[in-house]
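This report describes selected local features of a two-chain model. The sequence and structure come before the details.

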Amino acid sequence: MSTLRIGNACGFWGDSIDAPIRLAERGRLDYLTLEYLAELTMSILALQKQRDPEAGYAGDFLDMLERLTSILTKQPDLKIITNAGGMNPLSCARKAKAILDKAGLIKKIAVVSGDDLLPQLDTLLKLHPLTNLDTGADLASIRQRVVSANAYLGAQPIAKALASGASIVITGRVADASLTVGPAAYAFGWDWSDWDRLCGASVAGHLIECGAQVCGGLWCNWRDVQDYSDIGYPYTDIAPDGSFTITSDAGPGVNRETLIEQLLYEVGDPARYLTPDVVADFTSVSLEHVNTRTMRVQSAKGKPATDTYKVSIAYRDGYSASGTLVIAGPDAVAKAKRAGAALLQRIGCTFDRSNIEYLGAGACAPGIVTAPGNPPEVVMRVAMHDQQKAKIERFAKEFAPLVTSGPPGVTGYTTGRPAVREVFAYWPALIAKSAVQSCVEMLS
Amino acid sequence: MNEKIMLSTIAHGRSGDKGNHANIAVIAYTPTGYAWLRANLSADLVASYFAPMQPSRVERFEAANVLALNFMLYDILAGGASRSLRIDTQGKTLALTLLAMPIDIPNGLERMTRQLPV
């Protein structure tokens, strides 16, 4: 069998709404993957589902699907795999079906679920403590505040859905790389203990999961990007042996530098990158330049997958707000510091946590980088966090008066009072794979 | 006083978040540059450079196949994506901060700088 082409044109919820159309048109893909779920997206979707049992998925996907219908008509074999299902993949799939029906497209849609552990959380806790991976704390301490708890499922249910004839697979939480591993394992009939091939596909999936980031997005040598307006999105051509190429459909292409920067993005130990499918050894791969758009990656070596899934839990953690003001003119930093101090004194209460920073004067690396000289203006940004909503509301109301009652040169206050938002904290944990049942359902 | 250059003269990189932790990949442009990084850019040095941001510890990993060192900076994100009150909640800019680190001009610098085409 020849190679399998998988393109990813959505690296996060909020990514370009034109990229999937362009990539599908230019790339002639076998599979289009669309990734929507950041670490804490599920908590927001969980609350949406609480308010409306039909909600709780990434609605942007449905808008995208509608725009993709003409391409699906022209490319009837194109398959789509997405985690847009979020907390409600079934509802998302039903709405997707309605869109396809309206366009006269008959597609088998599969729903992958079982990642949502919230319904049986208390039963699970009797055998699986879900201790915090970072702190070792017991989940009992925050159990009543949990709003979502999802296991990162792997590629196997996706492959199963494809084997059942699905051409659109809508999942809840799965590992990002598994969106790529699933179709490759299915297409080539890989064994689920073929660690080297699974590793190859996982590396490919990891490289394309953030979309443009492997195609020149964020590239340190940004001067070499001639036109950011048409930055490329990536596709991978995976061979039956698990080796692959990565190609960009436009822009500066994929090269050694853009590829390595993305290879190590959000990675801990590169010799042990854990996915539900394999322990991938990123230090085993060799890279080869093919042409200005394409790099080849081969010789990936994997180790047996662990017997646990990662679980991402979100829990309520009070309220926060942040506001910004521009302070311009001579001594901008000194004036901003006076304004910040005055604000804290006026509010007159203490907060669980607070932070005042001066954007333009080294805020991104506080204490390490400082602004040279005297910047003509800085942005004062004040952020507060407290368990008591009333305190955060008071802060939000006291922020604006600095426009008339602070130092001179204050401007940039046009967006109104800082918005008070609920904070969801992140609780990473592990759970035995045997405790989680993934589920594949075909929408009839 | 020795003349200094920025680390970015011999390396590029990228950073990202993992909960409340951040990773920074530092990628040499040449094998000679990688040898310099291995010998000089220790976890201790990175920890002391970032000390004002209070990482609880710094761990270094090697990826010789791509001429890269990868640093994990634990608990450096002041709460991470969800809880941090900082503008850079996810440590997206930390790689550029590290690459701006002044270093003594290494012997054989001309064999460490970027060679085109990449």
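## N20 and A78 of chain B

Apart from neighbours within four places in sequence, N20(B) is in contact with D75(B), I76(B), L77(B), A78(B), G79(B) and G80(B); contact means heavy atoms within 4.5 Å. N20(B) belongs to the loop between β2 (11-18) and β3 (21-28) of chain B. Helices (H or I, at least four residues) and strands (E, at least two) are DSSP runs, numbered from the N terminus. A polar atom of the N20(B) side chain lies 3.4 Å from the backbone nitrogen of A78(B).

The model is predicted, with local features needing pLDDT of at least 70 and side-chain atom pairs counting only at pLDDT 80 or more, while totals for chains, interfaces and linings use all residues. Residues are numbered from 1 along each chain as its sequence is written, chains are lettered from A and ligands numbered from 1 in the order in which they are written, and side-chain values use heavy atoms, leaving out hydrogens and water.

## Backbone exceptions

Most residues other than glycine have a negative phi, and most peptide bonds are trans. A78(B), which is not a glycine, has a positive phi near 50°. A78(B) sits in the loop between β5 (68-74) and α3 (80-83) of chain B and is partly exposed, with a relative accessible area of 30%. Buried means under 20% relative accessible area, exposed over 50%, and partly exposed in between (1.4 Å probe, protein chains only).

L218(A) is also not a glycine and has a positive phi of about 65°. L218(A) lies in the loop between α8 and β7 of chain A, and its relative accessibility of 49% makes it partly exposed. In chain B, the peptide bond between L116(B) and P117(B) is cis, with omega about -5°. P117(B) is in the segment after β6 (102-104) of chain B.

## Helix pairs in chain A

Two packed helices are described by the angle between their axes and the distance between the axes. Axes are lines fitted to C-alpha atoms, for helices over the stretch in contact, and angles run from 0 to 180 degrees between N-to-C directions. Helices α6 (residues 156-163) and α7 (residues 178-188) of chain A pack at about 45°, with axes 8 Å apart. α6(A) and α7(A) are therefore oblique to each other; angles under 35 degrees count as roughly parallel, over 145 as roughly antiparallel, 65 to 115 as roughly perpendicular and the rest as oblique. The crossing of α6(A) and α7(A) is right-handed, that is, the near helix is turned clockwise from the far one by less than a right angle, anticlockwise being left-handed. From α6(A), I158(A), A159(A), L162(A) and A163(A) meet S178(A), L179(A), G182(A), P183(A) and Y186(A) of α7(A). This contact of α6(A) with α7(A) has seven nonpolar, two polar and no charged residues. Ala, Val, Leu, Ile, Met, Phe, Trp, Tyr, Cys and Pro count as nonpolar, Asp, Glu, Lys and Arg as charged, and the others, Gly among them, as polar.

For helices α3 (residues 60-74) and α4 (residues 89-102) of chain A, the axes come within 10 Å and cross at roughly 35°. The crossing of α3(A) and α4(A) is right-handed. On α3(A) the contact involves F61(A), L62(A), L65(A), E66(A), T69(A) and L72(A), and on α4(A) C92(A), K95(A), A96(A), I99(A), L100(A) and K102(A). By class, the residues of the contact of α3(A) with α4(A) are eight nonpolar, one polar and three charged.

## Buried positions in chain A

L153(A) lies in the loop between β5 (146-151) and α6 of chain A and counts as buried at 1% relative accessibility. Beyond four places in sequence, the contacts of L153(A) include V112(A), D115(A), R173(A), S178(A), P276(A), Y309(A) and V436(A). L153(A) and V311(A) are 158 residues apart in sequence and 9.3 Å apart in space, C-alpha to C-alpha.

S243(A), in the loop between β7 and β8 (244-248) of chain A, is buried at 13% relative accessibility. Its side chain and that of D241(A) form a polar contact of 2.7 Å (a pair of N or O atoms within 3.5 Å; within protein, one must be able to donate a hydrogen and the other to accept it, and residues adjacent in sequence count only if both atoms are side-chain atoms).
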